[in-house]
Amino acid sequence: MSAPRPEPFTVSVDDKVIEDLKKRLALTRWPDEIPDSAWQYGSSLAYLKELVEYWLNGYDWSRAEGLLNGFPQYMVSHEKVDLHFIHVPGKGPEPLPLIISHGWPGSIYEFVKVIGPLTDPAAHGGDPKDAFSLVAPSLPGYGFSSLANRARLGIDEMVDVFAWLMDDVLGYSNFVAQGGDWGALVATGLGLNHPDKTTGIHINMMAATPDRSDITNLSEDEQKFIQEATSFQDGIGYQWIQGTKPQTLAFGLNDSPAGLAAWITEKFHAWTDCDGNIENSVSKDDLLSNIMIYWVTQTINSSFWPYYQMRHEPLRLKAGEKITVPTAFAAFPGEIFTPPEEWVARAYNLKRYTTMDHGGHFAALEEPEMLVEDMREFFRGMR
């Protein structure tokens, strides 16, 4: 049976949705805040008021719509999800097929700064031989890949859907993959479960954990990393609620745009390499465009599902098992955790480990040039 044909897709949000949003923003009921405690216990009241004021009176969603619609977008029906994706054929002698995946609380918007340089390097000061034919899906349950009132998809199912998209739908029988956050798990899953199709992966967050029996003779850096990772508690409260009772949280965030912004903005503040000022890394416009995708599609609820799935079915390698496809790891200093090279090599067939000078969790938005250049250099050997 042949795969369904993708249909062109255009982002178009009804004016009534924007009008309703502005009414809700104008009626925001603000919480109090302990004096002189900005960001210490969560999102800063002063910054959220500033952000909401800009959202209401300065931000232009039509600009973000136009930016997204500047890329060829499609929708294709899978039995489990109507999948939204950007597909830009590369401009070069032999473009390399690439699937790039976002995470939470990101979206397809994360890639607006890297799509051009990756697909048309000559137009951005690069070598046309480095061109990629890029596929960037919205994760199932995120943004325009809606799963409203449908069964959710875990990471393992997303991996299979993306392999189907690349091979059966688009005809890319061999491809490379990139991702951070959940996108790193997707890329890892493609390398682990579809090594016949996935010829290499590039990740900027470590997604696989070696089996306990394979954790021996630890280096000093590995011991320090494990100690820091196991003692980190203050920043993972969101994982507990999203991984246990996501439905309850969704009532508030789906109803209040200020609440949604506070929930997402706190993570951008904590996970970017911003030195305490979020706009050192991400502008208000980029931050709000990302938040808007959750708001206008009402997908914050379904976006929580991978946390629930991974809490109950975590990705753990078996004894002696590792991802065998060639792997590159970009270590950004502002990432939640930055494992040492030898720790990454325990789980992956690590061929490249790059220590970045700056940048954090949202690498494609924060440091697009650095990310693109590292991908180009690594994947040159796979063309």
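View 1. D20 forms a salt bridge with R24, and the closest N and O atoms of the pair lie 2.7 Å apart; a salt bridge here is a side-chain nitrogen of Lys or Arg within 4 Å of a carboxyl oxygen of Asp or Glu. Because D20 and R24 are four residues apart in helix α1 (residues 15-26), about one helical turn separates them. By this rule the count comes to 15 salt bridges. The model is predicted, so local features need pLDDT of at least 70 and side-chain atom pairs count only at pLDDT 80 or more, while totals for chains, interfaces and linings use all residues. Residues are numbered from 1 along each chain as its sequence is written, and side-chain values use heavy atoms, with hydrogens and water left out.

**View 2. The crossing of helices α9 and α10.** The axes of helix α9 (residues 246-255) and α10 come within 5 Å and cross at roughly 115 degrees, the axes being lines fitted to C-alpha atoms over the stretch in contact, with angles running from 0 to 180 degrees between N-to-C directions. That makes α9 roughly perpendicular to α10, a term that covers angles of 65 to 115 degrees. In this contact (heavy atoms within 4.5 Å), L249, L253 and D255 of α9 meet P257, G259, L260 and W263 of α10. The residues involved divide into five nonpolar, one polar and one charged, where Ala, Val, Leu, Ile, Met, Phe, Trp, Tyr, Cys and Pro count as nonpolar, Asp, Glu, Lys and Arg as charged, and the others, Gly among them, as polar. Helices are DSSP runs (H or I, at least four residues) numbered from the N terminus.

**View 3. The largest pocket.** About 1,600 Å³ of space lies in the largest pocket; a pocket is an open set of points on a 1 Å grid over the protein atoms alone, where a 1.4 Å probe fits, with protein on both sides within 12 Å along at least five of seven lines, and lining residues have an atom within 4 Å of a point. The volume is the space filled by probe spheres set on the points, which are joined across faces, edges and corners. Of the 37 lining residues, M206, T209, Q239, R316 and F337 are the closest to the centre. The lining divides into 25 nonpolar, six polar and six charged residues.

**View 4. The second largest pocket.** This pocket has a volume of about 760 Å³ and is lined by 35 residues, of which W39, Y41, G42, S43 and E266 lie nearest its centre. Helix α10 supplies the largest share of the lining, eight residues.

Terms used. Helices (H or I, at least four residues) and strands (E, at least two) are DSSP runs, numbered from the N terminus. Angles under 35 degrees count as roughly parallel, over 145 as roughly antiparallel, 65 to 115 as roughly perpendicular and the rest as oblique.
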